Amino acid sequence: MIIPAYNYAQYLEGAVRSGLAQTHRPIEVIIVDDGSTDGTPELGEKLARELPGVRYTRQQNAGLSAARNTGIGLAAYPFVTFLDCDDEFLPEMVETLMRAFETQPPETALIACRTIRIDREGRPIGQKRLPPLGSRAYTAADILMKTRFPCCVVARRSCFDSAGLFDPALRSSEDRDMWIRIGRSYRIYYVDEALVRIRRHESNMSRNTGRMRGAMRRVRQKAIEARVVPLTHVGYWLRVFAFDHFQGAWMYWDEGRAFPAVMHILASMALWPFPLDRRELFEPPLFRLRAAARFILLGAFRRREIK
């Protein structure tokens, strides 16, 4: 288990202990301190000294991708999993996904699971009410289409030898880029069970819209250059760009920027005016129409309030 850590000392011990509490054995927890300037170094060394199975290493700040790559290089077992230091695994997470490997074809290299959202204090946050998707295989094209494919996975360490390591140039969306690259050569499987607690708070990197949008464009361009799906498949790419604009609309809305949110949702509908498969995209019924109504009506209300 690889835990990249950067200035989240208040959450680190909880993440580490959730790793040690796994019902699967053997397991190791590798803390990769990416140049933290808070109390992470002292805490990481203390945890490694006092808790069997915990290792700690520190590097100059180079980003999440580089920290994960360092952990992969240090991993002693043939399977690896990644846990952000402000999140927590449920005790059965690794065991459940390792059992899934036993039922899948040998070319399966990565298995993901569903997540539970929690707030700063660990309290559950309301989830979207969606019908269960069901456990199933995914392709690189599926993950390219769906920008929020789960980041919580167990992977064969050997798959990084051929697919390469995480792209250090990406400061977000690095997991999506990695899963796409793995999916080009290997089979990917999704287990429809919520096994990881994902913490949402104001310091999350995913709240930086400019960085997120730039990273998403880079991931998409890399996939185009790798011909994950040929550009001649016009309908597929129109849906990719339409859903990308939908995601961008929500990012801007969450920042309180109603006008770009409206522009992106209208661009999404212009690119693909037909329904998008909401089950494949993990979205509720009529999700774009509902978002458009929200952005336009509430956006106008916000402007009146400002005046």
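How many helices and strands are there in the protein chain? There are eleven helices and nine strands, read as DSSP runs (helices: H or I, at least four residues; strands: E, at least two) and numbered from the N terminus. This is a predicted model, where local features need pLDDT of at least 70, side-chain atom pairs count only at pLDDT 80 or more, and totals for chains, interfaces and linings use all residues. Residues are numbered from 1 along each chain as its sequence is written, and side-chain values use heavy atoms, leaving out hydrogens and water.

**View 1. Arginine 199 pairs with glutamate 88.** The two side chains meet in a salt bridge at 3.5 Å, N to O (a side-chain nitrogen of Lys or Arg within 4 Å of a carboxyl oxygen of Asp or Glu). Arginine 199 sits in strand β9 and glutamate 88 in strand β5, so the pair ties together parts 111 residues apart in sequence. Arginine 199 is buried, at 6% relative accessible area (buried is under 20%, exposed over 50%, partly exposed in between, with a 1.4 Å probe and protein chains only).

**View 2. Aspartate 177 meets lysine 222.** Here the closest N and O atoms of the salt bridge are 3.1 Å apart. Aspartate 177 belongs to helix α7 and lysine 222 to helix α8, so this pair ties together parts 45 residues apart in sequence. Aspartate 177 is buried at 2%, while lysine 222 is partly exposed at 23%.

**View 3. Arginine 123 joins aspartate 119.** Their closest N and O atoms are 2.8 Å apart in this salt bridge. Aspartate 119 is buried, with a relative accessible area of 16%.
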